[in-house]
Amino acid sequence: MSRKIILWVSVAVLCAYIVVALCAPLLTPYSPTEITGSPLQSPGDNHPLGTNDLGQDIFSQLVYGARITLLYGFCAALLSVFISTSIGIVIGYYGGFADELVSRAIDIFMPIPVFPLLIVLTAFFSPGILTISLLMGILGSIHGIRIIRSQVLSLAQTNFVEGARAIGAPDFYIMSRHILPNVMPLVMAKFVSSSQRMLVMGVGLSFIGMWDTTTVDWGTMIQKSYTSGGMALGLWWWLLPPGIAVVGISLALAMIGYSFEEKFNPRVGVNRI
Amino acid sequence: MISGNYLLKRICYSGAAFFVSVTLTFFLLHMMPGDYITNYLLSLTNALPKETVAQFYHQFGLDLPLTEQYVLYFSNILQGHWGYSYAYSVPVFSLIVEKLSWSLVLLLPATILGILIGTVLGARSGWKSGGKKDFALFNVMIAIRAIPEFWWAIMAVMVFAFYLKWFPLWGYTSINVLYSGISVPDVLYHAILPVTLMTFFIATGNYYVMRNSMISVIGEDYITTARAKGLSEREILWRHALANALLPIITITTFQIAAIIMGNVFVETVFSWPGIGLLTTDALRMRDLPLLEGIFILDTIMSIAAMLVADVLSSIIDPRIRMGKDE
């Protein structure tokens, strides 16, 4: 009952964020990078959340920031899920040499520490937000390949797959029509939970100042405000809004993710004796 | 038990992983735009004499072809020479050891407390899963985990250090260290806030794993048997269910210990704690390549070792896992 309420509230919050990101130009009076007032103005009629140290409108930055923040979260998760699903299904279905090759490659790549690598890659490709989110997706897919593969391994032995093979269905048809729909719930759950993780990771990377500081996203907004004394001067309207925005979307995605997982993963289901 | 053949195979893969990781990071770091001179030294002065720049490149072998540098670097690594830091002009290894010990001041208490709290809460929550208490605790734990670590840190600093003034704003010691030297109570006083935060964060991860593990154990036959014998619920929970549900915790704990080094880069950044995390971001900003490579080697070794230890430990503890027999 209350689990359902939480899920629907989270979905509503997620939709609200997406709408704000899509309609950013309609909602904001100024461009996020334009200097429209004197620095460090308090919230007022012209600037609903005041201005930052450069005189840029904080409200506009906040709304436009949704675009970039959501973009790298979802891009990275989409790519990561796509890679892990397609490779996982193919090697799980065919097995044999390809499976052996990919599995051994995963064994070798698994222990490589992802987070420090990501920090370096971010410094490497600094202005390219899209490149970085794609790299996050590729690095994040390694673990997923294993999970999907093990699911497909058992699916490939089931009667309906055997039957489809017996009536001469081509391999691609079996993989896309019979196996994919059966791993889809798992894939969806993985998509939601990894978009939450990637989003937080992206915000974290920009918070430690690892990417181009001219990009307007919530991480850089928090970083700028925190390092230029937004807190010490008591300018809460500069520091709090981007943080609250991140917390909101991250909570919504996490709640949706766990609801999915509880629903589709029988091992985590609640069984009370 | 573990078969020797399997162990040998795992060690070979670990060696390959180490090689790939070191090679990858070496080339990535060396092809990165900007270097120590352009990114750091030139920000301190307006101009550097040409001879100085040339001498710097020569001294650190940066004027050699990249492949030659790589061969030299790798053979040095194998002999245990991790090179000299550009910025600190000390051996990388001793620098890392020093910063690591500062990180451990935070990490050791936080990890131990976090694992204990997370495991106990997770076990209780999983045992009573579906109940009101479980539902509330579960949502609180997810919420704590979903909020980025650095945001918790900023909020904690703002509330407890800035407004309430209970704790210092940042750093690891007070300014009077200049006269009186480092005092242990002072450092501990500075460590309370970051340690508390990290404890919470580690506990949530353990809680989640433990709860799921507990739920899957509850349905097993031996729990029904224990109940049929007339044991009290408490005895069943702490003796029978917990012992069996602990297995995933062992795996996650070894990984936590490995990930620990990088994990607290956010907390260290917000609190300006002079540990490995802060060292990494500083080194990257200054393009201090030998130092960065050293940190990477350390991370790789830690995470490879964690995987090996997790495998071996879980097969020793649980005889049902017979490593290498199923292949």
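Trainee: How do you know how confident the predictor is about chain A?

Mentor: We are looking at a predicted model, and chain A has an average pLDDT of 82, with 94% of its residues scoring at least 70. On a scale from 0 to 100, that average is 82.

Trainee: Which elements of chain A have the lowest and the highest mean pLDDT?

Mentor: The lowest mean, 79, belongs to α5(A), and the highest, 89, to helix α3 (residues 58–94) of chain A.

Trainee: What about residues 268–273 of chain A?

Mentor: There the pLDDT is below 50, although the stretch still has 14 contacts in the model beyond near neighbours in sequence. Where pLDDT is low, the predicted coordinates should not be read in detail.

Trainee: How many helices and strands does chain A have?

Mentor: Chain A has 10 helices and 0 strands. Along the principal axes, the C-alpha atoms fill a box of roughly 75 × 45 × 40 Å.

Trainee: Why is α1(A) called roughly perpendicular to α3(A)?

Mentor: Start with the angle: helix α1 (residues 2–22) of chain A packs against α3(A) at about 110°, and their axes are 8 Å apart. Angles from 65 to 115 degrees count as roughly perpendicular, so α1(A) is roughly perpendicular to α3(A). The crossing of α1(A) past α3(A) is left-handed.

Trainee: Which residues meet there?

Mentor: From α1(A) come A:Tyr17, A:Ile18, A:Val20 and A:Ala21, and they meet A:Val63, A:Ala66, A:Arg67 and A:Leu70 in α3(A). Sorted by class, this contact has 7 nonpolar, no polar and 1 charged residues. Arg counts as charged, and A:Arg67 is among the residues of α3(A) listed here.

Trainee: What share of chain A is buried?

Mentor: Of the 273 residues in chain A, 45% are buried.

Trainee: How many residues of the two chains are in contact?

Mentor: In chain A 34 residues are in contact with 40 residues of chain B. The elements giving two or more residues to this side of chain A are α4 (96–109), α5 (114–124), α8 (171–207) and α10 (236–264). The largest share, 8 residues, comes from α10(A). By class, that side of chain A has 26 nonpolar, 5 polar and 3 charged residues.

Trainee: How do helix α5 and helix α9 of chain B pack?

Mentor: Helix α5 (residues 92–127) and helix α9 (residues 184–218) of chain B pack at about 35°, with their axes 5 Å apart. The crossing of α5(B) past α9(B) is right-handed. Residues of this contact divide into 23 nonpolar, 11 polar and 1 charged.

Technical notes
Residues numbered from 1 in each chain as written. Chains lettered and ligands numbered in written order. Predicted model: local features only at pLDDT ≥ 70, side-chain atom pairs only at ≥ 80, totals over all residues. Contact = placed C-beta atoms within 7 Å. Helix = DSSP H or I, 4+ residues; strand = E, 2+ residues; numbered from the N terminus. Buried ≥ 20, exposed ≤ 12 C-beta atoms within 10 Å, placed from the backbone. Axes fitted to C-alpha atoms, helices over the stretch in contact; angles between N-to-C directions. Parallel < 35°, antiparallel > 145°, perpendicular 65-115°, else oblique. Left-handed = near helix turned anticlockwise from the far one by under 90°.
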